[in-house]
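Thanks for coming. Please look at the sequence and the model on the screen, and I will talk through a few places in turn.

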Amino acid sequence: MVAEVGRRLRPRQDEFVVRGDGGALLPGLADHHAHLAAMAAQHASLDVSALSRDSVASPLAQAVAGEDGWVRAVGYDDVVHGDLDRTLLDGWNRVLPVRVQHRSGALWVVNSPGLERLGAQSATHGGIERDTAGRPTGRLWRADAWLREALGGRPPSLRAVGARLAALGVTHVADATPHRDTAAVVSEAVRRAELPQHVMVMAAGADLPPHPRLSLGPLKLVVADHALPDADDLAGQIRRAHADGRPVAVHCVTRTALALTLAALDLAGGRDGDRVEHCAVADRAAAEELAARRIRVVTQPTLIALRGDDYWGRVDPGDRPDLWRYAGLLRAGVRVAASSDAPYGDPDPWAGVRAASERLTPSGRVLGIEERVPAEVTLRGLLSPLDDPGGPARRVGWGDRPISSCWTGR
Ligand SMILES: [Zn+2]
């Protein structure tokens, strides 16, 4: 508890003194968008993101199976590593079941032993891509919930993730995973104190046990660019969330997805707390529309530090000035907060503060010089409450705040 704040307080005899060395005592930081269960799974995976096209095959061929009998790899990128399907994966490893996650998190590629184990041939999930003969190609699109069920088994422990985030100063996390079974894993981990953080769950139909560190947040909706919804359908989903008393948090990566989301929000009517996740392409007009509707934006600066060159190379050149804007959104009057999107981005909030102020890509290019944001502004966003990203910063003060939610840093 914070019992007293002041200069030259005298410690009582039994009190333990922690030297701040001139640093600031901050409240714990909030990660406004992360995927806790996926972070835990990442720990137990082969990361191929740093491997070249020619060097990706042999670690997959030599990999040993994890606890569940599978080889699990993450960080695969079609542009770097080439298109991947069951046939190619079988060429590398046809002995063990292998599943490889695309860096976006939206796609898994599975080899033949894996598909057999999952029963993919006879399964009905719409994300199981099939060739003209109806045979699964190995590509599973946005099929995480189905995959988890088909895999069975115990979810990984979240203890290491909770400890790592606590060491980085993160005491509050918005779990942006849309699936209710993942939300159940996360809320159970909070209840068992594997996760010491306050967690706001954004999944649909999440049935949370009453707990002082668990809360239900906005409903996560994904506007997927490979299957754009109709504006009326999206408006219907938004209306239902609002009727349930929940704002929405809409995943938007492209200009089209953002335009569609704004149109759907106009049809449905806004609710305080509505937010756009990523907002990776937004021009001046879109920024003004977001501000006028008081829609918050939750952005991910470390994705620029990790993949800024890819974004630059891949997007339509006309979209380049509007990529991953931060300062420009603030100038337009939008409430913005940074987050990690871990495990896809860097979970270290201090890496996020640096990335937002430098906006350096891996090759050293500055992506959007006008979009750089001073460290204290990004920090303020990390101090904003989970239910008001970009709102007023939480502070250390008198009262019944648990001291474990504070962090000393220079
Ligand atoms: Zn995410």
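Start at Pro343, which is found in the loop between strand 16 (336-338) and helix 14 (349-358). Helices here are DSSP runs of H or I with at least four residues, strands are runs of E with at least two, and both are numbered from the N terminus. A cis peptide bond joins Pro343 to Ala342, with omega about 10°.

Before going on, two notes on what you are looking at. Residues are numbered from 1 along each chain as its sequence is written. This is a predicted model, in which local features need pLDDT of at least 70 and side-chain atom pairs count only at pLDDT 80 or more, while totals for chains, interfaces and linings use all residues.

Most peptide bonds are trans, and most residues other than glycine have a negative phi. That brings up two residues in the segment before strand 1 (24-27), Arg8 and Asp21. Arg8 is not a glycine, yet its phi is positive, about 50°. Asp21 also has a positive phi, near 50°. Are these residues buried or exposed? A residue is buried if 20 or more other C-beta atoms lie within 10 Å of its own, exposed if 12 or fewer, and partly exposed in between, with C-beta atoms placed from the backbone. Arg8 is exposed because 4 other C-beta atoms lie within 10 Å. Asp21 has 7 such neighbours inside 10 Å, so Asp21 counts as exposed too.

Next, helix 14 again, this time with helix 12 (residues 302-314). Their axes come within 6 Å and cross at roughly 65°. The axes are lines fitted to C-alpha atoms over the stretch in contact, and angles run from 0 to 180 degrees between N-to-C directions. Which residues meet? From helix 12 there are Thr302, Ile304 and Ala305, and from helix 14 Ala351, Gly352 and Ala355. Contact means that the C-beta atoms of two residues, placed from the backbone, lie within 7 Å. By class, the residues of this contact are four nonpolar, two polar and no charged. Nonpolar covers Ala, Val, Leu, Ile, Met, Phe, Trp, Tyr, Cys and Pro; charged covers Asp, Glu, Lys and Arg; the others, Gly among them, are polar.

Leaving aside neighbours within four places in sequence, Val186 is in contact with residues including Leu36, Leu158 and Val201.

Five residues of domain 1 are in contact with five residues of domain 2.

Last, the whole protein. The model has 15 helices and 17 strands, and 43% of its 410 residues count as buried. Along the principal axes, the C-alpha trace spans about 75 × 50 × 45 Å.
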